[in-house]
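This report describes a structure chain by chain, then turns to its sheets, domains and core. The sequence and model come first.

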Amino acid sequence: MDFLYAVTVAPLLDIGQDPTFFAEVVIGGLMAGVMYSLVALGFVLIFKASGVFNFAQGVLALFAALTLVGLLEGGLPIIPFTDFKLPPLPVPLAMAATAVVMIVLAFAIEYLMLRRLVNQAPIILFMSTIGLAFFLEGFGDAMWGSDVKSIDIGIPDASFERWGILFNQFEIVATGTAAVLVAVLAVFFQKTRIGRALRAVADDHQAALSVGIPLKTIWVIVWSVSGLVALVAGIMWGAKSGVQFSLSLIALKALPVLILGGFTSVPGAIVGGLIIGVGEKVGEVYWGPALGGAIENWFAYMLAMVFLFFRPQGLFGERIIERV
Amino acid sequence: MLYREAGQFKTSYGKDQSILPIVQDRWVLGIVLVVAYVVVPLTADDYWFNAILIPFLVYALATLGLNILTGYAGQISLGTGGFMAVGAYAAYKMTTAFPELNIIVVFLLSGLFAAGVGLVFGIPSLRIKGFYLAVATLAAQFFLVWLFNKVAWFYNYNPSGTIEAPPREVFGVLVTGAAATPMVKYLTALTMATVFALAIKNLVRGRIGRSWMAIRDMDIAAEIIGIKPLQTKLLAFALSSYVCGVAGAEFMFLHLGSVETIAFDINLSFLILFMVIVGGLGSVLGSFLGAGFIVLLPILLTNLPAMLGFDVAAVNAKHAELMVFGALIVFFLIVEPNGLARLWQIAKEKLRLWPFPY
Amino acid sequence: MPKDTSANQTLLHVDNISLSFGGVRAIRDVSFEIKTGEIRAIIGPNGAGKTSMLNCINGFYHPQEGTITYRGQTRKQMRPHDAAAQGIARTFQNVALFKGMSTLDNLMTGRILKMKGSFLLEALYLGPARKQELEHRAFVEGIIDFLEIEDIRRTPVGRLPYGLQKRVELGRALAAEPTLLLLDEPMAGMNVEEKEDMSRFIIDVNEEFSTTIALIEHDMGVVMDISDRVIVLDHGEKIADGTPDQVRDNQAVIEAYLGVSHD
């Protein structure tokens, strides 16, 4: 009985009694959600353009963050057989260099992996990205070490109060960045020629090839853009909670975000991320104590599963009509 | 030359349908079984049993389970660890509550719990396609690990949170518990693995296996032929969860002896998935080959540099493992999606001619 | 040569079927019947709605309007596996074989509705399970003989050339012992000899097993030779229905194929 009360009535009472706190929790959830959305964006891009669910997206974010930190701190012996170590680079240069690294990585992925898996079943492509994730993780750890690092790119983490609610400066910046990114990507997909080509590729590789769309170029572009999105996500997450292995697990959290939002929808990734973010925070704060805590571990997935029951294509996804 | 089929004519469909229609294959299997049951117990030492053979057999069983779902029925699952956990904890609760119950029976029953849990998570998500089952299995994975961690009833309120395999006998011989000999544990695991492999092979080459493969290859056409997709997938899911549950019970009782929930986390799910891919999707033999390969790989990686005279202090073995695993997965998917099992088949076809060139 | 089937019973008739996808009307108010034992061709220019029609008959698409009456039972729509259970089998425009399985396995899968299963017995491969498996194997071997595909029994169908794949697909449909066989462009992509073989098979199926056949085909020579009656669809509507000779001389049909613009 106690348990039942704790799960159904008590949380609602708590919410009602302190609405300001509730608002803070919700806002905190929204901010966390923005972070999820950033990562989910990268997924949507690649899925939209190549039909591949890139399990390695989280690891790409981790890898980008690791590279950035490594460049900011310096110490990488880039010329073999000498003692020359790279000095710490200033922030803008380091970011640019990391971006270049991600683009090079996109080329490598396309050349070594994607090109050889053209038109394989989606499940095969998906599993290859799992392999890629593991490889990149080991590689990143081997290069930069696996201890937790912090990123400092000059964004203050101060909190301030407005309208009686506590806000966090960093999170505001993150939200702003995400908003800009989303706007840019949306325009990119809808309005540009390349965007249209990307959508064609997502639909049917062979058909796109036969129309003359350069598959390889498209893939490099998409994975580069995704890599850059991953970089932004990695920076944001890393600056917030440190750069560490768990960043790659974000990839797994992105799945529920995409289920909610629809695998092919940019606005869906945003809305899905926000819903998951808020849901997790509210769930943890108000229902968590009754259930022993740490519900964040599974809440998102359960929510996604329930959603699957009612609306499998997500809030914004397209219903797929099968033709035989 | 060695592998010539010439002269081996089958005079009935029955003989043609046997699992190993070619005589040389039967010899190989016979030899393998003799080595496994007789030679190994007499010659292997404890290290081999504990570090290599027992985990190999336990993982092989789990790989068989996942192969049913992912290899034959084509549905991806990332929750293998969670289902193994269900089997382990179910077995633990059963044997601590009913110590007189034969431990093998306990193993076999624990799978049923895993199957039940599997159905709960499977039913809502198998109605739709694609990665959605992956999400449900992830939900199961995270939820189950959390559950076994938080609810103290599962580990009998033990303050350390671990569960330990109590000593149990079969026919008077100690099979589990700290005092049981590795050789006995090995033979138990071996027998379970062989029996399950045979049963699964029988299922897979008949009506049920074909319906799974039809769903995997082209589910629309399968439905039009009359195969009911939901029931077929559910059966695969239930059976797969059952086998993984039994493997989970073995994992705890025969391999590790005592375990915390973290042993069943998502990394275990990935490990088994890798075994399936490397061994060959949709192959009973492949399940064994993949498990063996992945079990031996880390040992190889740690010992190889020393053997070759390298100094690899800079690259941590764990990192190398991750990289090699990842690279192997991609490699196999590109080069031979049917894994080691297919490579074995190709080798046999080459043996048809060897030593002649054509 | 076309035979006179006017005296035969009606096996299937569709009445006032209309089907739309989103805003596109694929089929508009089409009605026709298929008599038992005949070979009925459905022809028409591309996009006329022929495949959609077949898809409605075997329950894959659900028409918005109209009914389908099969073996005396009228219904608005069927689920695909009900259609299969009622004896309707089909082949597809883009070969829909199970690429990971061998020819033999594909054919055996075609027979799945005839297989009663006991899970436990199958796991042990004992007694009844084994006996049943061998019986079905014997039946399927009959089809393999009939279609002359003995030497590709064990080949994974993904490795077969296109013409053979189409033949295997026919075999899979036949394995179900269908009452009504729907063939969607069974001769697409074949050369002259292959077409002659396939025509021979289709006629044999119709004569030896008394299977009713509905067939979509573009090769007019084939259609004229083997079918008993023909329906012509254009832009989702029925524009002709009769014997091959009647249809060939029909002005509307000629115009549809030559592309005279409709005002």
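## Basis and chain A

Helices (H or I, at least four residues) and strands (E, at least two) are DSSP runs, numbered from the N terminus. On that basis chain A has 12 helices and two strands. Their order along the sequence is α-α-α-α-α-β-β-α-α-α-α-α-α-α.

This is a predicted model, in which local features need pLDDT of at least 70 and side-chain atom pairs count only at pLDDT 80 or more, while totals for chains, interfaces and linings use all residues. Residues are numbered from 1 along each chain as its sequence is written, and chains are lettered from A and ligands numbered from 1 in the order in which they are written.

A residue is called buried if 20 or more other C-beta atoms lie within 10 Å of its own, exposed if 12 or fewer, and partly exposed in between, with C-beta atoms placed from the backbone. Of the 324 residues in chain A, 43% are buried. Two residues are in contact if their C-beta atoms, placed from the backbone, lie within 7 Å. In chain A, 75% of the contacts between residues at least 6 apart in sequence join residues at least 24 apart.

Chain B contains 13 helices and four strands. It has 358 residues, and 49% of them are buried. Among contacts in chain B with a separation of 6 or more, 75% are between residues 24 or more positions apart.

Chain A puts 37 residues into the contact, and chain B puts in 33. On the side of chain A that touches chain B, helix H5 (122-144), helix H10 (246-261) and helix H12 (296-310) of chain A each supply at least two residues. H5(A) has the largest share of that side, 16 residues. By class, the side of chain A that touches chain B has 28 nonpolar, five polar and four charged residues. Here Ala, Val, Leu, Ile, Met, Phe, Trp, Tyr, Cys and Pro count as nonpolar, Asp, Glu, Lys and Arg as charged, and the others, Gly among them, as polar.

## Sheets of chain C

Two strands are taken as paired if DSSP finds at least two bridges between them. In chain C, four strands form an open antiparallel sheet in the order S2-S1-S4-S5. Strand S2 (24-35) and strand S5 (73-75) of chain C are at the edges with a single partner strand each, so one side of each has no neighbour in the sheet. Strand S1 (residues 10-21) of chain C pairs with S2(C) in the antiparallel sense over eight bridges. Phe21(C) has Val24(C) in S2(C) as its bridge partner.

Six strands of chain C form an open sheet of mixed pairing, in the order S6-S7-S8-S3-S9-S10. Its edges are strand S6 (88-90) and strand S10 (237-242) of chain C, each with a single partner strand, so one side of each is left without a neighbour in the sheet. S6(C) and S7(C) are parallel and joined over three bridges. Ile88(C) lies opposite Leu180(C) in S7(C).

## Loop residues with positive phi

Most residues other than glycine have a negative phi. Arg71(C) has a positive phi, near 55°, and is in the loop between strand S4 (65-70) and S5 of chain C. Arg71(C) is partly exposed, with 14 other C-beta atoms within 10 Å.

Glu185(C) also has a positive phi, near 50°. Its loop runs between strand S7 (180-184) and H7 of chain C. Glu185(C) is partly exposed, with 19 other C-beta atoms within 10 Å.

Domain bounds come from an automatic or database domain assignment. For chain C it gives domain 1 (1-87 + 178-263) and domain 2 (98-177). The centres of domain 1 and domain 2 of chain C, taken over C-alpha atoms, are 27 Å apart. Each of the two domains of chain C gives 10 residues to the contact.

A nonpolar core is a set of buried Ala, Val, Leu, Ile, Met, Phe, Trp, Tyr and Cys residues joined through C-beta atoms within 7 Å. The largest one has 284 residues, of which Ala304(A), Leu61(B), Val135(B) and Ala139(B) touch the most other members. Domain 1 and domain 2 of chain C both give residues to this core, so it lies between them. Beyond its neighbours within four places in sequence, Ala139(B) contacts residues including Trp298(A), Ala304(A) and Phe121(B).
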